[in-house]
Structures are given as C-alpha cells and as structure tokens.
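Please look over this model with a view to its helix packing and its nonpolar cores. A short report is set out below.

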Amino acid sequence: MTAAPATSGLVRRTLLLASCAALAVLWNLHPFILFFDIQLMLGTSLGVFALLVWGWPGLAVGIAALLVTFQQWGHPFGLINGTIGLIWLGLFLHRCNGGWQQRDNGRIVMASIAYWVLIGSWAEWIWFRWGMGISSTMASGLALKEVVNGVTCAALGLALFILLRLWQARTGQVVVSIRGLCFALVLVAVLTPALVLQHNHSTRYRLMALEQQLHMMQTLGDLAAGSDGQARARLLERYPNAAIEIGSGASAYRSDPALFNLLDTSFAPETGSRRPIPGLALLMRQDQWPILQNTLGGFWSTTLEGPPAVRIVAPARELVEDLDAKQPFRSFLHLAGLLLLGALISDWIAGGLERQFRQIVHRNSAAGPLIDDSDNLAMAGSPLREVDSLVRAIQERDTQLRRSQTKLLQVLENLPIAVACVQLISTKDQGLQEELIFVNQQLQSTLGYQFQDLSSGKQWMEQAFPVASYRDEVNQRWKVALERARGERGRVESLDLVVRARSGSTHDVRVSVVVNESLLILSLLDLTERRRAERQLAGVMQREKQQEQRQRQDLERRLRSSLSAAAVVHEIKQPLSTILLNCQLAVQTLDQLEQHGGSPADDARLGHTLRQLTINANRVVDTMERMRMLLRNVETNHQPVDLAATVDSSLLFLKTELRQQGTLLRVEGLDNPSWVRGDASQLQMAINNLIRNALEAMQSQGRSQAVDQLAVTLRQQGDQAVLTIADSGPGFPPGASELPLTSTKLEGSGLGLFVVRTTLEHHNGQLKIGRSRELGGAEVQLLLPMGR
C-alpha cells in the first residue's frame, strides 16, 4: 500500500529533474552574448534552482548544464569549476544557513559571491593564463566574466525558487520568506537593467568595431583593384597583415597564394551565434573545436563584387583581443562591482525588513509584547506564518484597546476642562474631513451647544463665528496650524479665539489640540474673566503711565527754568570777572591822574581799559542772549560756519589760561576750512566748555606728569567733521559711555556739560567719549554734519 505512492513520488521527482536538466542544457546552448566571443551561460541558474528545490539531487541539473561548456569551449575546466561552486552552495545550504528550512532567505547569493571572489575567479584566471596561454588582460576579463556569470545564476535561481514558493503559497500550505522575497526583488531590480545596459553597450561597441574593420578592408580592396602591380606591392607594405585576391581562376592575382590555398582547403565561415555583420565573414578551421584559440587564429574575409571580384582577408586576432579582452575587462569589472553592491544593498534592506518585522512582533509596550515567546515564533527565516500569529495577537490587542478606550472616555467626561475628540477622515472627493466623535459635559455647559449642534461643523461655525470675515480668518488659521501639527505629529499651537455661545454671549477661549495620527483631542480654556481683568489692569496701568509722564514733563520744565538762570550765570561769570578787573584798573588810573597829573601814556592806558570794558560788557549781553535762545531750544542764525576758525578762536580766547597753567598744546587740522551749518557762538561756547573742562581736569590731578598736554585735532570722516579734544588728565571713570549729567568737580554745577549737550542737539551732532591712547587721559569727539 505504501510502496506504490513512494515509487510514484520517485518517478515524478526524476521526471522533474530530467525536465529541468533539459531546460538548463537548452538555455546554455543559447547563451547570452556580450561583445564578440563572451558568453553568459545562464542555464546554470536552473542548477541553483534545482539545488534549492530538491537538495543534493538537484546537483545533477547543474552538472548537465555545465556539460555544455565542455562542448562549447573544448575543455573541461568550466565544468569542474562550476561543479565545485554548486557543491559549495549545497554545503552552505545544509550546514551554514541555519537549516534546510531557511534556504529561501537569500543568503545563497552571498555564498556564491564568497566562492567566486575567494576561489572561482583565481582558478579561472590561472587556467586561462597558464593553461591556455591567453594574455593576462584577457584572462582577467574572462575570470571576471565567470564571476558575473556565477553570481547572476545564483540570483536568478533564487528568484525562480521564490516564484515557485509564491505559486505554491496559493494552497496555504507553503510560506515564503519575507527576507528572501525582499532580497530577490531588490537584487533582480538591480541586476536586470545592469545586464540589459551591458548587452546594449557590448552590441553597439561590437558593431562599431566590425564596421570599422569592414570599412578598412573594403577601402584596401578598392585601392588594390585600381592599381598596378607595383602600386599593389606598396599598398600591401602599408598593410602587412592583409592579403588580397583579385579575379578568379588561374589568372587571379593573389598577394599570398599559400594563405589563400590554406583558407580554401581548411577554413570555412563561422555560422554560429558569433556571426559578424553582413559583408564580413569570420573564417575558422574546420577540423578543430570552435574554442577561443580557433577564434584568435581565424581570419576576417570580405568580397567586393567586380569586375574584377576582389577578396580581402585579415587576421582576426587583433580585433578579437580588443573585443574579448580590453573592453570586457573594464565592463565586467564595473558589472561585478555593481552586482556586489546590489547584493550588499539587497542583504541590508532584507535584513532591515527582518529586524523591523521582529520588532513589531516582539515589541514591548505598557501591555507587554504583542506575541509571547511561548508562541514559538522564530524569526530566523522570517517566514510569513508569523503574520497569522500576528493577526490573532492584534485581535486580542484590539479588544484590550476597546476597553481602554471606554476607560479613557470616562476620564475625559469627568475632566474639569472642556474636551472634544475629532476623527480625521480622508476622502477622494472632498479631501480631509473632520468628524466629531466625543464632547464632554464641561464643553457643553461652557458654550451651551449640545453634541448634535457641534457635529454639524459648518452650521456650528456660522453660529459660533457670525462675522464672515472673522470666520474665514479662523478657518485659515486652523488649517495652517493643523497642517503643521500633522506634519510634525505633535501639538497644534494654541489659538486664541472669540466664540459666541448659544446664549449669544461671547467668550474668549484658548484652543489647544493634540494630534495623534488621525485623531484630534481638543481642549478649550475659557479666558473671558481673565481677559476682562487684563483689560482693566491695562487701563489702570495706562492711566498711571500717563500721570507719571505728565509729572515728569512738569519736572523737566521746572528744571529747565531753574537751569536757565544758572546757565546764564555760569557763562557770564568769566566776562563779568574781566569787567570787574578792568574797572579796578580804571579806578587806579584815575587816582593816579588826580594825584600826579596825567600823561599821554596814562590817557592811553585809561582809554584801552575803557574799550576792554565795552567789549566785555557787549560780550555779556551777547552771551545772555545766546544762552536764552539756547535754553529755549531755538535754532537761530544757522549759517555756514568754518569749524576750524571757530576752534582757533576758542583757543585764542583761552590762550591766557593755557599759558598760566603751563599746558603744552598740540593742534592739527586747523589749516584748512571745515564747513558746517550752525551757530558759531553756540559752537564756540560748547568748545570752550570742553577745553576748559580738560584744563581743570589736568589741574585737579596735581603734577603727576612733568607737563600737562592738550591735543586738539580736526579731521573729516565721510560727510562729518570730527573734532577730537584729548588731554593727559585722569580720564573718565571706567565704563563711562557718555558725558555725565552732573559735574565731577567739588564746586562744579555741571552746567557747562549741559550747554555742550544742548548745543549738539541743536546742530544734529553726536558726542563720543573714551580714553586717549596717546596722552592717556580723556578723549571727547564732536561729530557734526558738514555743509555750507
């Protein structure tokens, strides 16, 4: 009873193996041709396929396919090396791949790459180079071809096996490896276009090279047919490898009779898959196998129709070596690199998919892993049977989630803040739609709307935002915030809105939304009372600010009035002192006149004293008028002023003080005019105050230096005139960035500095202070706009 089914199964397997072997042999008899004599015998992929399906018996299919190489190439080395490679793959599947059940995981391709890189390519190179005497470059190209052929056959065999498993999976009894499926898809996606592009490139290059060969031979034949004997001899000297036959029969001209006799008796045109382009024939020996040596020993032949008929022959070796050695080496090197890269990428992607699937199945969460280890869920081969266990686990988890959802809704219902849940639904016609699924009692009591009112979004928007323009603004802000949150999968930025309640009252609310996939959880915080309190507080603060501003303005007005008189006193103090001194001199002169009588010199001195009194009195009047206009913020008498002349006048006025103090003065930049617009008297008062302050500062520090120094420099910087006053005094306090509002002198009032600041305000000028690098003391810069 049991013997018959076993015998039937053995017969069936034998027939399948024989059929597969026949297909493999037929496929290798029609190889994939690259360049001229380079063949990819992809029928060996059926041997890899049979090895994956039937194990060691499938080795017979691979050997049958490899037997074609012996018939095609005339030597058994391809059969030997290919058989060793298949045995390597069989050992890997049974001993190094985690068991026979894991044969569809794709690692057989990596095993094939390991064999051909470590063993197969070197064995092929040694055989071609030393066993057949081929050049090293051509041997390298052929070895690389065998590497590409072996790895490609492994990849195609795996792909065929995956297709078979997918076909068998229809019954539900066979599963497919996720890893192997991904590996095969990615590798075939990389390999197929690479082979197609390589075939197209080799075909174009081969046709181009053969067309050039044909054109050269035809040109040589045309030249030989129209030349005499001597010209033909010279022509053949230029092409020593070519032979020409002109005419036929006994009268025919042959440049190399022995060669043509040999070709007629022992050579025949090759009619196989390597057939050249029309008009160009490849003559090969008839008594040997059509192996690579025969091709290299063959001749190109073409015939030009006459009369007279011309036949040209040339050795095939040079062109064949270029077609089957130089170009294939570079091309197969690139193809092998691309194949290796594709295999690594495939293995990386497949391994990543396997790891991700394992994480899904065994991921830990608050409720524990989705599937327990007790389910015997092995991911080593990543078969799809895990999906069935995964579906059952998902169903159980779905029940748990429904229970958790019920508990969550109960929590949301009892929250003291208004909460609503919205489901985002994507439709083809209307795009992304929002469906309200939950509203807690707090939201209903805050705004007065029931669930049925809120569920109609458009109608509720019209009631909550009755003003159309504001409603459009709310919709736009909501869409922008929602898109940003869905892109970032986070919290929507809070929106402050004014909502109309069902009762007609308005509420200031702050809406916060958390986005979780397609679920929105909205919370509404009523800020109406808070906003009202903020507005009241803002009003109180505004009134206090206005009151404070009025008080400050009044204080400034009183301060300016107080400073007006003090500033006048400050500015006329020096002229009045001079007047007093001149009056004393005039009294002394008069006394002398009364006692001793007058002389012309006394009269002259008295006249000079009276004139000085007049000058200083006028100066007092002018100073008082200028100070009045200055302190009233009146810009008067703005006209072109030569700042250089004004500075020179100030230095002349202070000449006596400079001489009495023994100060060394250095002046630069006063030789050329420097024009600004302003009031010369106001500018001179400001300059006098700054120079006098510098002198008093140096006098206050005692005699720390042998000689006090004062430097006054005037220069032009862009469209501004820059006046720099530097001294060797103590300088400004550390960290000072502007002139102080009060004097640093014990008896000073600070009015001189006040005059300087007010003058600069009237002239749109700037003032900068710092420390002089040269003199070590204070440095003040006046910057005034230039103009006439």
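This is a predicted model: local features need pLDDT of at least 70, side-chain atom pairs count only at pLDDT 80 or more; totals for chains, interfaces and linings use all residues.

Residues are numbered from 1 along each chain as its sequence is written, and side-chain values use heavy atoms, with hydrogens and water left out.

**Overview**

The protein has 22 helices and 20 strands. These are DSSP runs numbered from the N terminus: H or I of at least four residues for helices, E of at least two for strands. Of its 788 residues, 42% are buried. Buried means under 20% relative accessible area, exposed over 50%, and partly exposed in between, with a 1.4 Å probe and protein chains only. Contact means heavy atoms within 4.5 Å. Among contacts with a separation of 6 or more, 62% join residues 24 or more positions apart.

**Cores**

A nonpolar core is a set of buried Ala, Val, Leu, Ile, Met, Phe, Trp, Tyr and Cys residues joined through side-chain atoms within 4.5 Å. The largest one holds 60 residues. Cys20, Val61, Ile108, Val109, Val151, Leu158 and Phe332 touch the most other members. Helix H6 (residues 136–168) is the top contributor to this core, with 12 residues. Apart from it lies another core of 29 residues, including Ala644, Leu658, Leu670 and Ile725. In soluble globular proteins, nonpolar side chains tend to be buried together.

Which residues does isoleucine 108 contact, leaving aside neighbours within four places in sequence? They are Val48, Leu52, Leu89, Phe92, Leu93 and Leu158.

**Helix pairs**

Helix H2 (residues 44–54) packs against helix H4 (residues 77–96), and H2 also meets H6. Axes are lines fitted to C-alpha atoms, for helices over the stretch in contact, and angles run from 0 to 180 degrees between N-to-C directions.

| Pair | Axes come within | Crossing angle |
|---|---|---|
| H2 and H4 | 11 Å | roughly 25° |
| H2 and H6 | 7 Å | roughly 50° |

H2 and H4 are therefore roughly parallel. H2 and H6 are therefore oblique. Angles under 35 degrees count as roughly parallel, over 145 as roughly antiparallel, 65 to 115 as roughly perpendicular, and the rest as oblique.

The H2 and H4 crossing is right-handed. On the H2 side, Val48, Leu51 and Leu52 make the contact; on the H4 side, Leu86, Leu89, Gly90 and Leu93 do. These residues divide into 6 nonpolar, 1 polar and no charged. Here Ala, Val, Leu, Ile, Met, Phe, Trp, Tyr, Cys and Pro count as nonpolar, Asp, Glu, Lys and Arg as charged, and the others, Gly among them, as polar.

From H2, Thr44, Ser45, Leu46, Val48, Phe49, Leu52 and Val53 meet H6. Their partners in H6 include Cys153, Ala154, Gly157, Leu158 and Phe161. This contact divides into 12 nonpolar, 3 polar and no charged residues.

**Two single residues**

Alanine 64 is in helix H3 (residues 59–73). Is alanine 64 buried or exposed? Alanine 64 is buried, at 18% relative accessible area. Beyond four places in sequence, alanine 64 contacts Ala21 and Val25. Glycine 47 lies 17 residues away in sequence from alanine 64 and 8.4 Å away in space, C-alpha to C-alpha.

Asparagine 764 sits in the loop between helix H22 (751–762) and strand E19 (766–771). Its phi is positive, about 55°, although asparagine 764 is not a glycine. With 63% relative accessibility, asparagine 764 counts as exposed.

Methods:
A crossing is left-handed if the near helix is turned anticlockwise from the far one by less than a right angle, and right-handed if clockwise.
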